[in-house]
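Try each task before you read its solution.

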Amino acid sequence: PASGFIYSFDKSGVYTVSSESFGPLLAERSETIGRHKLYLAFTYQRFAFNDIDGNDIKKIPILFYFPDAQNPQVVTITQNRVDTKIDQFVAFATYGLARRLDVSVAVPFERISMGVSSKGTEYSTTTNAQASFTESLAGSASGIGDVVLSAKGTLVKLERFGMAVGAEFRVPSGDERNFLGSGAFGVKPYLVLSRRGRVAPHLNVGYQWNANSLLAADANGKQRLPGYF
């Protein structure tokens, strides 16, 4: 969710600030938007990836040989580069069902671009012959990502302290084979504690549970995606 100010007309026709907080920034706050109010927003993010498991994906050395062969005829040494970027556009809406209960939906549209290039040399193990090669492959995919439905309710609302509970439900609507989605249903219940004032800390505590996904498949089939606290 995004943050911002909310202005409204007072009886004299002058704009006044009507929101009590900045709204969610990096974490949820305990406040809700109010009964029968509608909040619409649009965000854009761009992700560029540099490494995987601590390995630089722009410099990936790979050695190809045949471990089952006693005397392999060819050994290939390659240096590989992977360039991956994601452009994510998200439209979301929040509606106040009641004074202290909000429901929300977030719909992402994503474009994934990936380029792979490889430079290598094949060496003969029986002669001095060798051959160098260069290969490259580029591709992209775009479409709807995983839609997220959520609800949040304020349990305690004092002058400076608030507490709320909520839950997010992720629908595997994105194509996981093209990196557009997770391929698994997900549920994340959470608790929010926040304080209003000049210093306004807020704390979120939750757990993300995920179902089985093709992205975690092994020889036994789909496996559960890891959850996190």
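**Exercise 1.** Which residues do ring pairs link into a cluster?

Solution. Keep in mind that this is a predicted model. Ring pairs join F42, Y44 and F89 into a cluster. In total, four aromatic pairs are counted.

**Exercise 2.** Classify the pair F42 and F89 as stacked, tilted or edge-to-face.

Solution. 
- Step 1: A pair of aromatic rings is described by the distance of the centres and the angle of the planes.
- Step 2: Rings pair if their centres lie within 6.5 Å. The centres of F42 and F89 are 6.3 Å apart.
- Step 3: Planes under 30 degrees apart count as stacked. The planes of F42 and F89 are at 25 degrees, so this pair is stacked.
- Step 4: Now find the two residues in the chain. F42 is in strand β3 (residues 38-48) and F89 is in strand β7 (residues 74-98). They are 47 residues apart, and the pair links distant parts of the chain.

**Exercise 3.** Decide whether F42 and F89 are buried, partly exposed or exposed.

Solution. 
- Step 1: Buried means under 20% relative accessible area, exposed means over 50%, and partly exposed is in between.
- Step 2: F42 has 56% relative accessibility, so F42 counts as exposed.
- Step 3: F89 has 31% relative accessibility, so F89 counts as partly exposed.

**Exercise 4.** Is the chain as a whole compact or spread out?

Solution. 
- Step 1: Start with the secondary structure: the chain has zero helices and 16 strands.
- Step 2: The radius of gyration is 25 Å, well over the 17 Å that the globule rule gives for 229 residues, so the chain is more spread out than a compact globule.
- Step 3: Look at the box filled by the C-alpha atoms, roughly 90 × 40 × 30 Å along the principal axes.
- Step 4: Finish with burial: 27% of the 229 residues count as buried.

Notes:
Residues are numbered from 1 along each chain as its sequence is written. This is a predicted model: local features need pLDDT of at least 70, side-chain atom pairs count only at pLDDT 80 or more; totals for chains, interfaces and linings use all residues. Side-chain values use heavy atoms; hydrogens and water are left out. Rings of Phe, Tyr and Trp (its six-membered ring) pair if their centres lie within 6.5 Å; planes under 30 degrees apart count as stacked, over 60 as edge-to-face and the rest as tilted. Helices (H or I, at least four residues) and strands (E, at least two) are DSSP runs, numbered from the N terminus. Buried means under 20% relative accessible area, exposed over 50%, partly exposed in between (1.4 Å probe, protein chains only). The radius of gyration is taken over C-alpha atoms; the globule rule is 2.2 Å times the number of residues to the power 0.38.
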